[in-house]
Amino acid sequence: SEISFRKSVVVVDVGEASYVHYVVGELRQQMKAITGDAPFLSYDVKEALQHPGPLVVVGRTVADQLRQEGGGVPQITDQEPGPQGFVLKSLRSAGKDVVLAAGSDSAGTNYAVMQLRQVLAESASGIAVPASLDLREKPKFKVRSLYLHQHWRYNYPYATWSWSVENWKHALDMAEYMLAPPLSVPEKDYLADIREVIDYAHRKRGIKIWMVEGPNVLLDSPEVKRLPMERRDYYAYAHMSGGGLKNPADPKQFAALMANREALYRAVPNADGYSLIDSDPGGWLGSPASELVDLFVGNRKLLDQYHKRPHEAALVYWLLAGWGTGTKAEENWRDAMRGMEQRVSGPREYLVIWAPQLRLAKELGILGRSIFFPYGIIEGEPTFPLTNLNFAMIRRALEYTSGYAGLEGTMANSQTSLMQLPNIYYFTHYGWSDEGDKANDLDALRALGKLLFPERAELLAEAWAQLKTSGSQAALTKAQEVEDMVKSGRSGRA
C-alpha cells in the first residue's frame, strides 16, 4: 500500500536548473534526518537501476530515459501538464518501485519535488508515500508574486527593513514553496556559494581570499560530468588515470583551459588572488617553464576582462616540484619566476615551500611579494598521528625566515582544522608576535583554552598536552574528564 524510501536512489539530470538540484538536496536531507542516511544520488538512469532500492525520478529528461528502459512511465510534454505544471506519481518500471516527480519544465519539476517533500512529511512514517499516489497539477496564474515592503519602521523581526542577509535568505526559502525561483546549474551554484563566502570574508572579517588550482587539470570527461559534485574524486578522474591533465602546447587543450578559467572568473570575480601550483596536481612532462607562464598570461587577460577589481587581483605562482622540463628544479623555478616578472602584468605573488626557493626569491628581488609556505608543519596530508602538538616544528620553520629580511609573510596548510586548533593557534600567534618563543607549550595551550572555555582552560591545556606524552593511561584519564565536563554541562561560558 506504500513505497518506502529506505535505501532509495534519487536520479536527476545534471542539466536541470539550479533550484531543482537545491530542492533535491533538501529532499535528501529530509530523508537522512529520519533514516540516518541520505539516499544515493545519481545523474544516470542506468546506474540508478543497478541499485536495489526504489527510485525517485526527478524531471522530464530522466522520466523519458526510464520510459525507454522499462516502460510504464507517463509521457510529459510541453502541453501536458503544461507550463509550471507537474506530475507526482507512484508506479512500477523496469521491475522497480518508482516515484516520478517531473514537470513540463524545470519550474514544474521544482514544484513536484516540493510537493513530494510535503507528502513525506505528512505520512505516518515520514519516509514512505502511498502506492496510489497520483497527482497532476498546474498553476491557475502564470505569475504569483510577493512584495516585501520595507518602509514601515517597526521592530525586528517583523519589519523587513530590519532583516539581515540570513533573514532574507530564510524568507526566500519559505517563498520558494509558493513562488518561482531563479535559474542556474549545479556547478554554477557551487561557485556562487564560494563567491558569497568571499564577500563575507571581505565585508565581515577583512580577510583576503586566494583560490588555488592545478594549472592544467580539467574534470571535463563525460564520465565525470555524469557524476554529482560530491562523487567527483579529483585524483581518480583528473590527476592519475582519468585523462584530466591537459597539454598547454596543444592549442585546443590550451583553449579548453582558458575556457575553464573564464567560467571561474565570471562566476567568482571577487577573490583577491588566483593561484596555480607548478606540479602536483598538474604539470606536463617535457613542457618548458615558458608554457606555465603562458597559462598565467592567459589568466591575466581573462582577469582584466571579468574581475570586479582587475588591478587588485593577484596571480599567485605556487612553487612546488617545478613544472617538469627535466632540467634541475632550481633552473626551472628561476625560469618560471623570471618569466612571471617579465611577461605577466598586474599584481604577482609567490608561494615558496623550500629553502632554495627562498634563496631564489631573494636573488630575484621579490621577497616582498613572497610567502614562505613550509607545507606539513601543522599536519600531514593526512598521516598518523592524525593530530599532535607540532610547536617545535613550527618554531623551527618560522625561525628560519629570520635570514630573509623583507619576506612578505608565512602560510601553513590545514585539512582538519578542529583537530589542529592548538597548532593553528600557535602558528598564527607566533606569526603575529615574537612573544610566542617566550612562552612554553603549556602556556600557549592555556591561552588557547581561555579563548574557548575560559573557566576550563587549565583542563583543556592539560588534555591537549597529553598528545606529547608517552603511555595511554594519563591521556585516557584526561579525555574522560573532558567528556564528563561536557556531559554534565560544567564547561562554563563559551
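Which residues of helix α16 (residues 457-465) are buried? Ala457, Leu459, Leu460, Ala461 and Trp464 are, where buried means under 20% relative accessible area, exposed over 50% and partly exposed in between, with a 1.4 Å probe and protein chains only. Some notes on this and the rest follow.

1. Ground rules. This is a predicted model, so to speak of local features takes pLDDT of at least 70 and side-chain atom pairs count only at pLDDT 80 or more, while totals for chains, interfaces and linings use all residues. Residues are numbered from 1 along each chain as its sequence is written, and side-chain values use heavy atoms, with hydrogens and water left out. Helices (H or I, at least four residues) and strands (E, at least two) are DSSP runs, numbered from the N terminus.

2. Around α16. The buried residues of this helix pack against α14 (421-432), α15 (441-452) and α17 (473-488); contact here means heavy atoms within 4.5 Å. With α17, the axes come within 9 Å and cross at roughly 145 degrees. Axes are lines fitted to C-alpha atoms, for helices over the stretch in contact, and angles run from 0 to 180 degrees between N-to-C directions. The α16/α17 crossing is left-handed, which is the label if the near helix is turned anticlockwise from the far one by less than a right angle, clockwise being right-handed. On the α16 side you'll find Leu459, Glu462 and Ala463, meeting Lys478, Glu481, Val482 and Met485 of α17. That contact splits into 4 nonpolar, no polar and 3 charged residues. For the classes, Ala, Val, Leu, Ile, Met, Phe, Trp, Tyr, Cys and Pro count as nonpolar, Asp, Glu, Lys and Arg as charged, and the others, Gly among them, as polar.

3. From α9 the contact uses Phe254, Leu257, Met258, Arg261, Glu262, Tyr265 and Arg266, and from α10 it uses Asp294, Leu295, Gly298, Asn299, Leu302, Leu303 and Tyr306. By class, that is 8 nonpolar, 2 polar and 4 charged.

4. The largest pocket. Its volume is about 2000 Å³. The search runs on a 1 Å grid over the protein atoms alone: a cavity is a set of points where a 1.4 Å probe fits but cannot get out, whereas a pocket is an open set with protein on both sides within 12 Å along at least five of seven lines, and lining residues have an atom within 4 Å of a point. Points are joined across faces, edges and corners, and the volume is the space filled by probe spheres set on them. The lining holds 49 residues, with Met211, Val212, Glu213, Gly214 and Tyr234 nearest the centre. The lining divides into 30 nonpolar, 4 polar and 15 charged residues.

5. A buried lysine. Lys246 sits in the loop between α8 and α9 and is buried, at a relative accessible area of 12%. Leaving aside residues up to four places away in sequence, Lys246 touches Asn216, Leu218, Asp220, Gln253, Leu257 and Trp284.

6. Backbone points to check. Most residues other than glycine have a negative phi, and most peptide bonds are trans. Glu80 and Pro81 are joined by a cis peptide bond with omega about 10 degrees, and Pro81 is in the loop between α3 (60-70) and β5 (86-93). Tyr156 and Pro157 are also joined by a cis bond, with omega about 5 degrees; Pro157 is in the loop between β8 (134-137) and α5 (165-176). Lys7 has a positive phi near 60 degrees; this residue lies in the loop between β1 (2-4) and β2 (9-12) and is exposed, at 69% relative accessible area. Ala94 has a positive phi of about 55 degrees, lies in the loop between β5 and β6 (96-103) and is partly exposed at 38%.

7. Val58. This residue of strand β4 is buried, with a relative accessible area of 0%. Among the residues that Val58 touches, not counting those up to four places away in sequence, are Val10, Val11, Val12, Ala101 and Val113.
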